Amino acid sequence: MQSYTKQTPLGGSAHQSPGSVQMRIKNSTSTGERLSQTKSMVIPEPGQPQKPISRHRRNQSQHNLGDIGAAEHPSVLKGEYLNKAKIADGGKKLRKNWTSTWVVLEVNQLLFYKESKQEALSNLKPGCKPEGVDLCGAHVEWTTDKSSRKNVIQITTSSGNEFLLQADNSLTISKWHDAIKNTADSLSKGKGGTYPGKPGLRKSNSTEFLSRRESEAPVTKESKPEHRRSIIFKLNYSASDSADKNGVKNRLKKFISRRPSMKTLQEKGLIKDRVFGCHLLTLCEREGTTVPNFVKMCVEAVEKRGLEADGIYRVSGNLATIQKLRFLVDQEDELDLDDSQWEDVHVVTGALKMFFRELPEPLFPFRFFEPFVEAIKTKDYKQKVQAVKKLVKQLPKPNHDTMKLLFRHLQRILTKSSKNLMSTQGIGIVFGPTLLWPELDSGNMAFNMVYQNQIVEFILIECAEIFGPEGK
């Protein structure tokens, strides 16, 4: 409604001049009513300059409200490049992939751009759509176990999405951590998208207004249904996962408690005593001898038909046939190496070398490795012979007798060196790493191999002195 009022200065008459009408907007801020505009026609006094009135300026009450709202908004960061990785989507784990992302923090969400808006405009690219992260109910924390990088924060949303943000500068990432955490906490306290302290404010055009009635104020946003579903899913999944783990544990406990002993299985014939991979002392005690029967059989078979075989012990036999022989040795009590399926002597020699390689403790026991190395370093030859001979005599009976049988067999191999083309050095290279090795690998493999070969060569050369004459 418009009212026109003439104002006449005291002590004078009213003056009118064309073009001197000024429109004045009066604001009504009464509670429960829309802002109304009342125009007055004012006739200014002569000689006084007219003050221009901006028709686009908002009323003073609106500016005051805007200042209050800005003070109560959560932290806002315009944008910065950070390293981002998404590691979970709706509770489902994803492969970690770090990318440099332009990150913008708004009042209620975190936005990820592939590049800054300025770069997108300069490259003439269409509006880059960001990936938005709702911070309502989000959990923000520092993490060290999700990445080997330093300065990493983890953001877990209420929908089950998980993000990692990282920056090389600790001050930069600390600033973002504090801002994002403050925003998430503020949104959580405000119950969804309504900011605390401003339940009745909402957007409007240049004629902004307050809500007519408090009952018409924007209803507080509730958490999205998919958020609730994801939370319920995670809770159910966690409960079922925990139940499954407990069930597996209980089944394993029952299985272990009901599992029969090794002795029972052996008595029933389900498990037979092994030959390959069995400790030498245990095997000899079980067989009632000081030299394993399989070693005796192999030595006899080689000396019967393989002393003159080219490259004996150096040439490898067929691995599949060797494994077949090994299986039969472990499963059967009686074995005939004269059978036609073992006619290749290199299969027999390959099985014998495999037997020594798979011993839990080598033929030269672990505690004797360093003493043998020190003995072989002795410069005086006679003292070296005596030192090695003394160590050999100190070996356990099964080790000593098996070593004696093997080295005398290898000496007979060397007597046919013109036919089989094997030398002391060649046999030392083959049997050095097979008969002795250190208990703990110190990383000096090449260093150890030199002494392993030298020890075997030296015992071969001085076999008669160390073990006595052939008949003893």
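What you see is a predicted model, where local features need pLDDT of at least 70, side-chain atom pairs count only at pLDDT 80 or more, and totals for chains, interfaces and linings use all residues. Residues are numbered from 1 along each chain as its sequence is written, and side-chain values use heavy atoms, with hydrogens and water left out. The protein has 472 residues, with 16 helices and 11 strands.

**The overall picture**

- Helices (H or I, at least four residues) and strands (E, at least two) are DSSP runs, numbered from the N terminus.
- Of the 472 residues, 36% count as buried; buried means under 20% relative accessible area, exposed means over 50%, and partly exposed is in between (1.4 Å probe, protein chains only).
- Take the contacts (heavy atoms within 4.5 Å) between residues at least 6 apart in sequence: 64% of them join residues at least 24 apart.

**Helix 9, mostly covered**

- Helix 9 runs over residues 345–357, and 12 of its 13 residues are buried.
- Among those buried residues are V345, H346, G350, K353, M354 and F356.
- The cover over the buried residues of helix 9 includes helix 6 (280–287), helix 7, helix 8, helix 12 and helix 14.
- The end C-alpha atoms of helix 9 are 19 Å apart, which agrees with the 18 Å that its 13 residues should span at 1.5 Å a residue. The expected span is 1.5 Å times one less than the number of residues.

**Helix 14, one of the neighbors**

- Helix 14 covers residues 424–435, and its 12 residues reach 15 Å from first C-alpha to last, close to the expected 16 Å.
- Its buried residues are G426, I427, G428, V430, F431, G432, T434 and L435.
- Helix 9, helix 12 (397–414) and helix 15 (445–461) are included in what covers them.

**A nonpolar patch on the surface**

- V248, L252, F255 and I256 make up a nonpolar surface patch, with about 390 Å² of accessible area together.
- To join a patch, a residue needs over 30% relative accessible area and no salt bridge; like charges are joined within 9 Å, and nonpolar side chains (Val, Leu, Ile, Met, Phe, Trp, Tyr) within 5 Å.
- L252 sits in helix 4 (residues 225–258) and is partly exposed, at 49% relative accessible area.

- A disulfide is counted when two cysteine sulfur atoms are within 2.5 Å, and the count here is zero.
- C284 shows this: the nearest cysteine sulfur, that of C278, is 8.9 Å away.
- C284 is buried, with a relative accessible area of 2%, and C463 is buried too, at 1%.

**Salt bridges**

- The count is 14 salt bridges, each one a side-chain nitrogen of Lys or Arg within 4 Å of a carboxyl oxygen of Asp or Glu.
- K86 and E131 meet in a salt bridge at 3.6 Å, N to O. The pair links distant parts of the chain, 45 residues apart: K86 is in strand 4 (residues 77–89) and E131 in strand 8 (residues 131–134).
- E303 pairs with R412, with the closest N and O atoms 2.7 Å apart. Here E303 in helix 7 (residues 293–305) is linked to R412 in helix 12, 109 residues apart.
- E303 counts as partly exposed at 25% relative accessibility, and R412 is partly exposed with a relative accessible area of 25%.
- D338 forms a salt bridge with K304, with the closest N and O atoms 3.3 Å apart. D338 lies in the loop between helix 8 (319–331) and helix 9 and K304 lies in helix 7, so the pair ties together parts that are 34 residues apart in sequence.
- D338 is partly exposed at 46%, whereas K304 counts as exposed at 61%.
- Salt bridges that share partners also join K84, K86, D89 and E131 into one network.

Note on methods: Accessible areas come from the Shrake-Rupley method with a 1.4 Å probe; for residues, only the protein chains shown count as cover.
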